[in-house]
Amino acid sequence: MRRRRLLGYAILSVGYLVLLCPRLVTADDAALAKARENYQSYCQKCHGENGKGDGPGAAMLNPKPRDYTDCKAMQGKKDDELFKVIKEGGDSIGLSADMQPFGGNLSDDEIHEMVKFVRGFCKS
């Protein structure tokens, strides 16, 4: 009898996890998918598909776009700095004016998600 009750609780617990976990994962997955889409639309042409700063638009830029896979350089950048440069452009923090502002295209929440997405290129 006790074993059946424990088995029932275990099945019920698994059922709750199945119902609740997809909702938690879906929100994060949706935010990541939107950040990836925004990166592809606004950033990839210069920063490259894999964040190396080697996109097709990078060839004509001097200085070259930031390489997000350079973990040492990226660790020296605060999230607030990345947020500001995405929102207000490169010249807002003394970088190249070629890095245009995207605050008119992206909400603050989308920019925060973009910062997380960009940080994901550093794999160390």
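1. Leaving out residues up to four places away in sequence, Val 118 touches Tyr 39, Tyr 68 and Met 74; a contact here means heavy atoms within 4.5 Å. Val 118 sits in helix 5, and it is buried, with a relative accessible area of 4%. "Buried" means under 20% relative accessible area, "exposed" means over 50%, and "partly exposed" covers what lies in between (1.4 Å probe, protein chains only). The C-alpha atoms of Val 118 and Asp 67 are separated by 9.9 Å, although the two residues are 51 residues apart along the chain.

2. A word on what you are looking at. This is a predicted model, where local features need pLDDT of at least 70 and side-chain atom pairs count only at pLDDT 80 or more, while totals for chains, interfaces and linings use all residues. Residues are numbered from 1 along each chain as its sequence is written, and side-chain values use heavy atoms, with hydrogens and water left out.

3. Now the overall layout. The protein chain has 5 helices and 0 strands, so named by definition: helices (H or I, at least four residues) and strands (E, at least two) are DSSP runs, numbered from the N terminus. Read from the N terminus on, the elements go α-α-α-α-α. Of the 124 residues in the chain, 25% are buried. Take the contacts between residues at least 6 apart in sequence: 42% of them join residues at least 24 apart.

4. Which cysteines are joined by a disulfide? Cys 71 and Cys 122 are, with an S to S distance of 2.0 Å. The cut-off for a disulfide is a pair of cysteine sulfur atoms within 2.5 Å, and a search of the whole structure finds 1. In general, a disulfide is a covalent bond between the sulfur atoms of two cysteines. The link of Cys 71 and Cys 122 is right-handed, with 135° about the S-S bond. It ties together distant parts of the chain: Cys 71 is in helix 3 (residues 71-75) and Cys 122 is in the segment after helix 5 (108-119), 51 residues apart. Both Cys 71 and Cys 122 are buried.

5. What about Cys 43? Cys 43 is in no disulfide, and the nearest cysteine sulfur, that of Cys 46, is 8.8 Å away. Cys 43 counts as buried because its relative accessibility is 8%.

6. Rings of Phe, Tyr and Trp (its six-membered ring) pair if their centres lie within 6.5 Å; planes under 30 degrees apart count as stacked, over 60 as edge-to-face and the rest as tilted. By this rule there are 5 aromatic pairs. One of them is Tyr 39 with Phe 121: the ring centres are 5.2 Å apart and the planes are at 50°, so the pair is tilted. This pair also links distant parts of the chain, with Tyr 39 in helix 1 (residues 2-42) and Phe 121 in the segment after helix 5, 82 residues apart. Tyr 39 counts as buried at 1% relative accessibility, and Phe 121 counts as buried at 14%. Phe 121 also pairs with Phe 117, this time edge-to-face, at 5.4 Å centre to centre and 80° between the planes. Phe 117 is buried as well, with a relative accessible area of 14%. Put together, Tyr 39, Tyr 68, Phe 117 and Phe 121 form one aromatic cluster.

7. Next, find Asn 38 in helix 1. Is Asn 38 buried or exposed? Asn 38 is buried, because its relative accessible area is 5%. Not counting residues up to four places away in sequence, Asn 38 touches Cys 43, Leu 106, Glu 110 and Met 114.

8. Last, how do two of the helices meet? Helix 4 (residues 79-88) and helix 5 pack at an angle of about 120°, with their axes 9 Å apart. Axes are lines fitted to C-alpha atoms, for helices over the stretch in contact, and angles run from 0 to 180 degrees between N-to-C directions. Helix 4 and helix 5 are therefore oblique to each other: angles under 35 degrees count as roughly parallel, over 145 as roughly antiparallel, 65 to 115 as roughly perpendicular and the rest as oblique. Among the residues making the contact are Leu 82 and Phe 83 of helix 4, and Ile 111 and Met 114 of helix 5.
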